[in-house]
Amino acid sequence: MKKKIHFGWFTEYGPIGWDNPDATEGDWRQPELYQKMGRLSEKGKFDFALFADHLGITSSFGDSIDPYVKYGLNGINHDSTLLAAMVAAATKHLGVGTTVSTMLTPPYGLARQTASLDHLSKGRVAWNVVTTGNVAGFLNFGIEQPEHDARYDIAEEYMELCFKLWSSWEPDSVLMDRKTGIFADPAKVRPIRFEGRYFKSRGPLNVLPSPQGRPTIIQAGASQRGKDFAAKWADAVIVGMHYLDDMKAYYDDMKARAAKFGRDPDRLKVFFIVKPVIGQTEELVARKLEALRNPPESAIHAALSALSSRMNFDLSRFNLDEPLPPIDEKDIMGGQTTLSRFYTAGRRPTLRQVAIEEAAGNKGSIAGTPEQVADQLQRIMETVGGDGFVVRVNVHEQEYMREFVDTVIPVLQRRGLAREQYTGKTLRENLMEF
Ligand SMILES: Cc1cc2nc3c(=O)[nH]c(=O)nc-3n(C[C@H](O)[C@H](O)[C@H](O)COP(=O)(O)O)c2cc1C
């Protein structure tokens, strides 16, 4: 039997794509565009929508927030949890993922908010666990940023505490029996009295056990430490890789790490970020590819600002038309492996080429007519082993999503490679279905 492919939609609640000449009419600050895109994702039988989030306007590129403010770049973000709730209200089956920092949100607050949203969405919430690589959020909260691996140590304890809070009510503790007047059995609801190195909490959670028990956990750390963290805690990981060999190595690595933690590797799903170039004719595809190969200077600037932000590392001081000098990953406080995917197998692109590749967003170089795109997605999954893709599309690209859902997904469905009906009641059930 062929293994089906999972799909997700990945974006953020921010202006990204606001100046696209083909932008869909509508206001990204309001819920309607996201809700429409959520319903499109649901039409494509996607597992989830995931909203990235950042807690401050970055100044990583050239040590100033000005370019980010001027062009509406990374870090201008509205709250992803509130958006997830609005999208949940407009959909029935689609999982809704919010991004929340383990460094800048108290664990009790996170556990309570996600459990509440799990109730409101009837079991569809996911939490994208981030340790906050960029310093901007720390500057806003007035907290010093711990170094890269120390943030993961803190996150380990954070997860332990949250998992205890989410299970502080036994699943059968709630009776709500009107005849006896008993709401819940106190013997089955217990304080947790957590006292760790970084956090303390008495518990129990003051939210009833939620449909999923705990939110579906998503993670996107790609360093050695980040991968171990994900392998231990996550239900799904998302990662951006450009080359098939790297995808395969990453997939095998994550599954092996999950097994090392005593988990069934199949309970950790790997999602690759993609944005295939789709055209209804080969001529249209060629035209779209040509445009991506020659982005305007502003797109190159935006791509470098985005990379600097993700790495928390200033790329403005390097020559655009030369390859970057070797950079020690230890000097990068944010995503340590952000650049490595451009340099795989001895490639030495100039910084401009890196920016063009980043601006195109077409990881895996997938392009073609719907049949050809489906062929390439299928080939990646068959070579790598699974499990799925998140399509990185901003909310201004409704036409793109419509084309993907209406023309690529049906090809995969006909081949038995994409979901035709939701079978699970909760996000985790759908995620673990195949
Ligand atoms: C695909 C992807 C998406 C991410 N989304 C966010 C985000 O929305 N907010 C955030 O603060 N960090 C985000 N991160 C950062 C990671 O969660 C992580 O903190 C950072 O990459 C540093 O860890 P690492 O060196 O293990 O990758 C993202 C990383 C990746 C690779």
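How many strands close into a barrel, and in what order? Eight strands do so, in the order 1-2-3-4-9-10-11-14, and the pairing is parallel.

## About the model

This is a predicted model, in which local features need pLDDT of at least 70 and side-chain atom pairs count only at pLDDT 80 or more, while totals for chains, interfaces and linings use all residues. Residues are numbered from 1 along each chain as its sequence is written, and side-chain values use heavy atoms, with hydrogens and water left out.

## The barrel

Here, strands are DSSP runs (E, at least two residues) and helices are DSSP runs too (H or I, at least four), numbered from the N terminus. Two strands count as paired if DSSP finds at least two bridges between them.

Take a look at strand 11 (residues 269–274) and strand 14 (residues 388–392): they pair in the parallel sense over four bridges.

## Two packed helices

Helix 10 (residues 297–311) and helix 11 (residues 351–360) pack at about 90°, with their axes 8 Å apart. That makes helix 10 roughly perpendicular to helix 11 (angles of 65 to 115 degrees; under 35 is roughly parallel, over 145 roughly antiparallel, and the rest oblique).

The contact residues divide into ten nonpolar, no polar and four charged. Ala, Val, Leu, Ile, Met, Phe, Trp, Tyr, Cys and Pro count as nonpolar, Asp, Glu, Lys and Arg as charged, and the others, Gly among them, as polar.

## Around the ligand

Of the 18 residues around the ligand, Asp53, His148, Tyr152, Ala222 and Ser223 come nearest; a residue belongs here if one of its heavy atoms lies within 4 Å.

Polar contacts are pairs of N or O atoms within 3.5 Å. Ser223 has a side-chain N or O atom 2.5 Å from a ligand oxygen, His148 has a polar side-chain atom 2.6 Å from a ligand oxygen, and for Thr131 the distance is 3.2 Å.

## Backbone details in the loops

A cis peptide bond joins Gly203 and Pro204, with omega about -5°. Pro204 sits in the loop between strand 8 (200–201) and strand 9.

Terms used: Axes fitted to C-alpha atoms, helices over the stretch in contact; angles between N-to-C directions. Polar contact = N/O pair within 3.5 Å; in protein donor to acceptor, adjacent residues only side chain to side chain.
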